[in-house]
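Please look at the sequence and the structure first.

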Amino acid sequence: MIRTLFLIMAVLIPSAAFLGQTQESQLTPPAKRKFKYAGKIETTYDKSKDESIVFFRLMRIKALETPKGPYEVQFSDEKLEFTSYFAHPGQKLITPHWITIGFLSATEDPQKYTDQKGTVKVDDQWINLGTMKVLSRTSYTRRGKLPLVSETRELPIPYQQFLLMANAKKIKVRLGSVEFDLDKEHLEAIRDLAAHTVP
């Protein structure tokens, strides 16, 4: 299943009125080009299921990482990573109806993610993502420290919703009580994936 890929690799449809206000150019994938980020779009094919999965690997959300001290470069144990992917039958590309966004978190304070509701601000428009599904939760005991709780969560979103994100100049995400901006590399990865949804 798609969930298996997400584990190995270690938003809801806007109202009709809102879509009606969106320019048609915003609902098309970005033109293919060399996108500027450290990763790349990858494809795997499962012959037994006759299914292809197109994705970019997990990317760190550096805005949530803080140095341990003023002269230290080491980051804290707090970690959040982001990925996105879509699946289609066979090996010949078929533009998807849904694209999944996923997060891998690691924190000493899991309460901040108890509320699985997600919201995204695409440029100046806040959109309710719905409730993300937690796929796994693991607690790591550490000597002299609080346990580190790691969770994977994901949510399939409609293709048109993903195109709104791909054409945005800026995106802010609210996940539970955690809020952060996606940086330029994240936006480039989203655009690259969107560009791969068409031949």
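Buried means under 20% relative accessible area, exposed means over 50%, and partly exposed is in between, with a 1.4 Å probe and protein chains only. By that scale, 46% of the 199 residues of the protein chain count as buried. The model is predicted, so local features need pLDDT of at least 70 and side-chain atom pairs count only at pLDDT 80 or more, while totals for chains, interfaces and linings use all residues. Residues are numbered from 1 along each chain as its sequence is written, and side-chain values use heavy atoms, with hydrogens and water left out.

**Elements**

- The protein chain has four helices and 10 strands; helices (H or I, at least four residues) and strands (E, at least two) are DSSP runs, numbered from the N terminus.
- Read from the N terminus, the elements come in the order α-α-β-β-β-β-β-β-β-β-α-β-β-α.

**The six-stranded sheet**

- Six strands form an open sheet in the order β1-β2-β3-β4-β8-β7, and the pairing is antiparallel; two strands pair if DSSP finds at least two bridges between them.
- β1 (41-46) and β7 (133-140) are the edge strands, and each has a single partner strand, so one side of each has no neighbour in the sheet.
- From one strand to the next, the twist averages 20°; axes are lines fitted to C-alpha atoms, for helices over the stretch in contact, and angles run from 0 to 180 degrees between N-to-C directions.
- Six bridges join β1 to strand β2 (residues 51-60) in the antiparallel sense, and Thr43 stands opposite Val54 in β2.
- Asp50 is in the loop between β1 and β2. Its phi is near 50°, a positive value in a residue other than glycine, and at 38% relative accessibility Asp50 counts as partly exposed.

**Helices on this sheet**

- Helix α3 (residues 159-166) lies across β3 (79-89), β4 (98-107) and β8 (148-158), and runs at about 110° to β8.
- Helix α4 (residues 184-195) packs on the sheet and touches β1, β2, β3 and β4, where contact means heavy atoms within 4.5 Å.
- The direction of α4 makes about 175° with that of β2.

**The four-stranded sheet**

- A further open sheet has four strands in the order β6-β5-β9-β10, again with antiparallel pairing.
- β6 (125-131) and β10 stand at its edges with a single partner strand each, so one side of each is left without a neighbour in the sheet.
- The twist here averages 15° from one strand to the next.
- Strand β5 (residues 117-122) pairs with strand β9 (residues 171-175) in the antiparallel sense over five bridges; the bridge partner of Val122 in β9 is Ile171.
- Asp123 lies in the loop between β5 and β6. Although Asp123 is not a glycine, it has a positive phi of about 55°, and at 22% relative accessibility it counts as partly exposed.

**Nonpolar core**

- In soluble globular proteins, nonpolar side chains tend to be buried together.
- A nonpolar core is a set of buried Ala, Val, Leu, Ile, Met, Phe, Trp, Tyr and Cys residues joined through side-chain atoms within 4.5 Å.
- The largest nonpolar core here has 40 residues, and those with the most contacts inside it are Ile101, Phe103, Ile171, Phe180, Leu182, Ile190 and Leu193.
- Helix α4 supplies the largest share of this core, six residues.

**Aromatic rings**

- A search of the whole structure finds three aromatic pairs. Rings of Phe, Tyr and Trp (its six-membered ring) pair if their centres lie within 6.5 Å; planes under 30 degrees apart count as stacked, over 60 as edge-to-face and the rest as tilted.
- The ring centres of Phe82 and Phe103 are 5.4 Å apart and the planes are at 40°, so this pair is tilted.
- Phe82 belongs to strand β3 and Phe103 to strand β4, 21 residues apart, and both residues are buried.
- Phe103 and Phe180 have ring centres 6.2 Å apart and planes at 75°, so this pair is edge-to-face.
- This second pair links Phe103 in strand β4 with Phe180 in strand β10 (residues 178-181), 77 residues apart.
- Phe103 counts as buried at 2% relative accessibility, and Phe180 counts as buried at 3%.
- One aromatic cluster is formed by Phe56, Phe82, Phe103 and Phe180.

**Charge over a ring**

- The charged end of Arg174 sits over the ring of Trp126, 4.2 Å from its centre; this applies if NZ of Lys or CZ of Arg is within 6 Å of the ring centre and within 35 degrees of the ring normal.
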